[in-house]
Amino acid sequence: MKKLLLCLPVLLLLLLCACGEKTPPAASKAELPAPEALAAELQASGAFAEELVLTENDVGCFLYGLVESDAPEMRYYFSSGAVADEIAVLPCADDAALEKVTSECATRLDLQTQLFTVYKPEEVPKLEKALVLQRDKTVVLCVATDYEKAREILDKYF
Amino acid sequence: MSVFSHQKKVKRRRWPAAAGMLLVLVLGLILWIGWDAGAGSHAAAVAGQLESPETRPPASAASKSAPAEAVLLRLAASDEEDPAPAPEGTPERLPPYPAGSVDYVPSARPDGWTVAPKADLCFWGMDLIDAGAKIHRCRFRTGGGQLLPDYDWGLPVPESEAVEQDYFSDAVFIGNSLAQGFMLYAGLKTADQYAVQSITVNNIGSEKVIRDDNGGFISILDAMARKQYGKVFVMLGINELSWAGKDTFYTKYAELIDLLRELEPGAEIFLQSMTPVTAKESETSTVFTNDRIHEYNEVIRQLAEDKEAHYLYVFDALADDTGCLPAGSSSDGIHPYSNYYPQWLTYLQTHTVTEVKR
């Protein structure tokens, strides 16, 4: 009986640890940088086949089916067209915008996969592994050539 | 097209005496020789103002096929149209300018054009032969010796004074990945643009790739048809290089132009030539070579001529002195990096059509 009472706290402690969340708490993640800084860090990692260029928001919105008010600080980075690599950093205005942005990012990837299947099939695997990550109300879409390098950066924040 | 000359008619009269007959013959001969010499010297004087093909600089692979600083003015060619009057000072016995000839004032004869034989028999002008062996009737101006070739829809839109972006305010741009690059990076703010990779003359009306207002997707042609435009700029062809052949490309593109005319009856249609690839790509690829691009551009040029559309030779906007996309300007040899697109826009701003008469 005494042994059982002594073991009980240990058992309870073990039980609590087993039920704990696998992901570390948010406090251990670095503060999310500004969209341009995040994109620059990603590009500096060498994760992309070529330099991705910041484009005007109206063009990005046209391609993503968004409006600027969905994410006023939005930033889009596209390639020359030779590769599928792409970055979109979308800090959403509110929960409704977050839902819309998340949905449109998925649609964007579906369309790109459809087009590149005919256009440049060798780029399709990149699109199939594309990342759409969310932290708070910020969504990041990342189509990379080297996802290991991209993950090294993104895992610091997401 | 023919070159014609005058021949003095010699009246024959009957003389009872052989001497009288001989005298008339001699007089007639003297008159005929004097008249012909005068006309020939006029043609020679004007011809002397032209550069001979031998003295012109050799054409490069990317040589411009359009003269610089030209004014484009087209008159409808018609046999019933009254001939343009001959310039002041033209002797009355010379024929009037033929119907359908137009004023077109180049500052230089187009590269590759040569003077047709027997030009000295033509008293009001001469014929030029272009690089495709087509004859263009030209006429002289008195006192200037300017060449005035006939209007040709297949002639690339010549260079003109630069316009502001509002020239494109009634324009729509449609096309493939290169057109998408233009949309992303050229910096054009005043036109609508619908362009996506993988688009061809075959699927531009069927592939649903443009987001509509209801959250769905529509084709590029459907997107364009929502509005009436004054100008339609088309960029297609690079994806068709891997097709069965040029004939199919011509047929499908011709059908597309017909459809564009139905959708946009008030618009001028501009067919943009394909752009060059890098030398490395051209040497290593069996599909994307500059030779093949030139062949397909000739198809586009012919289409422009056949369909009365404007041909924009944007190949020149991106080609270097060797006729290729510059080395280091692209990761795949085909799609230029973003910093090359503004010069494409500059080309469009300096090759405009401001007046078309049909």
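This is a predicted model: local features need pLDDT of at least 70, side-chain atom pairs count only at pLDDT 80 or more; totals for chains, interfaces and linings use all residues.
How many residues does the contact take from chain A and from chain B?

**Entry 1: the A/B contact**

I got 15 residues from chain A and 19 residues from chain B. On the side of chain A that touches chain B, strand E1 (53-55) and H4 each supply at least two residues. H4(A) gives the most there, with 4 residues. I then sorted that side of chain A by class and found 10 nonpolar, 4 polar and 1 charged residues.

**Entry 2: chain A overall**

I listed the secondary structure of chain A and got 6 helices and 5 strands. Read from the N terminus on, the elements go α-α-β-α-β-β-α-α-β-β-α. Chain A has 158 residues, and buried residues make up 36% of them. I also looked at contacts in chain A with a separation of 6 or more: 61% of them are between residues 24 or more positions apart.

**Entry 3: strand E3 of chain A**

Which strands does E3(A) pair with in the antiparallel sense? I found strand E2 (residues 75-78) of chain A, joined to E3(A) over 4 bridges, and strand E5 (residues 138-143) of chain A, joined to E3(A) over 6 bridges.

Next I checked burial. Strand E3 (residues 86-91) of chain A is mostly covered, with 6 of its 6 residues buried.

I followed E5(A) to its other partner on my list. Strand E4 (residues 131-135) of chain A runs antiparallel to E5(A), and 5 bridges join them. Leu133(A) stands opposite Val140(A) in E5(A). E4(A) and E5(A) form a hairpin with 2 residues between them. I flagged Asp136(A) in the turn for its positive phi of about 55 degrees.

**Entry 4: the sheet of chain B**

In what order do the 5 strands of the open sheet in chain B come? I wrote down E6-E5-E9-E10-E11, with parallel pairing. Strand E6 (192-195) and strand E11 (310-312) of chain B are the edge strands, each pairing on one side only. The twist averages 20 degrees from one strand to the next.

I took one pair for a detailed look. Strand E9 (residues 231-235) and strand E10 (residues 268-272) of chain B are parallel, with 4 bridges between them. Val232(B) stands opposite Ile269(B) in E10(B). I also noted a helix on this sheet: H2 (residues 177-185) of chain B lies across strand E5 (171-175), E6 and E9 of chain B, and runs at about 135 degrees to E5(B).

**Entry 5: the nonpolar core**

Which members of the largest nonpolar core touch the most other members? The core has 103 residues, and the list I got is Val101(A), Cys142(A), Phe173(B), Ile174(B), Val232(B), Val234(B) and Leu271(B). Helix H4 (residues 95-119) of chain A contributes the largest share of this core, 7 residues.

I picked Ile174(B) for its neighbours. Leaving out residues up to four places away in sequence, Ile174(B) touches Ala179(B), Tyr194(B), Ala195(B), Ile204(B), Ile220(B), Met224(B), Val232(B) and Val234(B).

**Entry 6: helices H4 and H6 of chain B**

I checked how helix H4 (residues 246-263) and helix H6 (residues 290-307) of chain B pack: the angle is about 35 degrees and the axes are 10 Å apart. Their crossing is right-handed. From H4(B), the contact uses Lys246(B), Phe249(B), Tyr250(B), Tyr253(B), Ala254(B) and Ile257(B). From H6(B), the contact uses Glu295(B), Tyr296(B), Val299(B), Leu303(B) and Lys307(B). By class I got 8 nonpolar, no polar and 3 charged residues in the contact.

**Entry 7: Glu281(B)**

Beyond residues up to four places away in sequence, Glu281(B) touches Phe288(B), Gly333(B) and Ile334(B). I also took the C-alpha to C-alpha distance to Leu325(B), 44 residues from Glu281(B) in sequence, and got 9.4 Å.

Definitions and conventions:
Residues are numbered from 1 along each chain as its sequence is written. Chains are lettered from A and ligands numbered from 1 in the order in which they are written. A nonpolar core is a set of buried Ala, Val, Leu, Ile, Met, Phe, Trp, Tyr and Cys residues joined through C-beta atoms within 7 Å. A residue is buried if 20 or more other C-beta atoms lie within 10 Å of its own, exposed if 12 or fewer, and partly exposed in between; C-beta atoms are placed from the backbone. Two residues are in contact if their C-beta atoms, placed from the backbone, lie within 7 Å. Ala, Val, Leu, Ile, Met, Phe, Trp, Tyr, Cys and Pro count as nonpolar, Asp, Glu, Lys and Arg as charged, and the others, Gly among them, as polar. Two strands pair if DSSP finds at least two bridges between them. Axes are lines fitted to C-alpha atoms, for helices over the stretch in contact, and angles run from 0 to 180 degrees between N-to-C directions. A crossing is left-handed if the near helix is turned anticlockwise from the far one by less than a right angle, and right-handed if clockwise.
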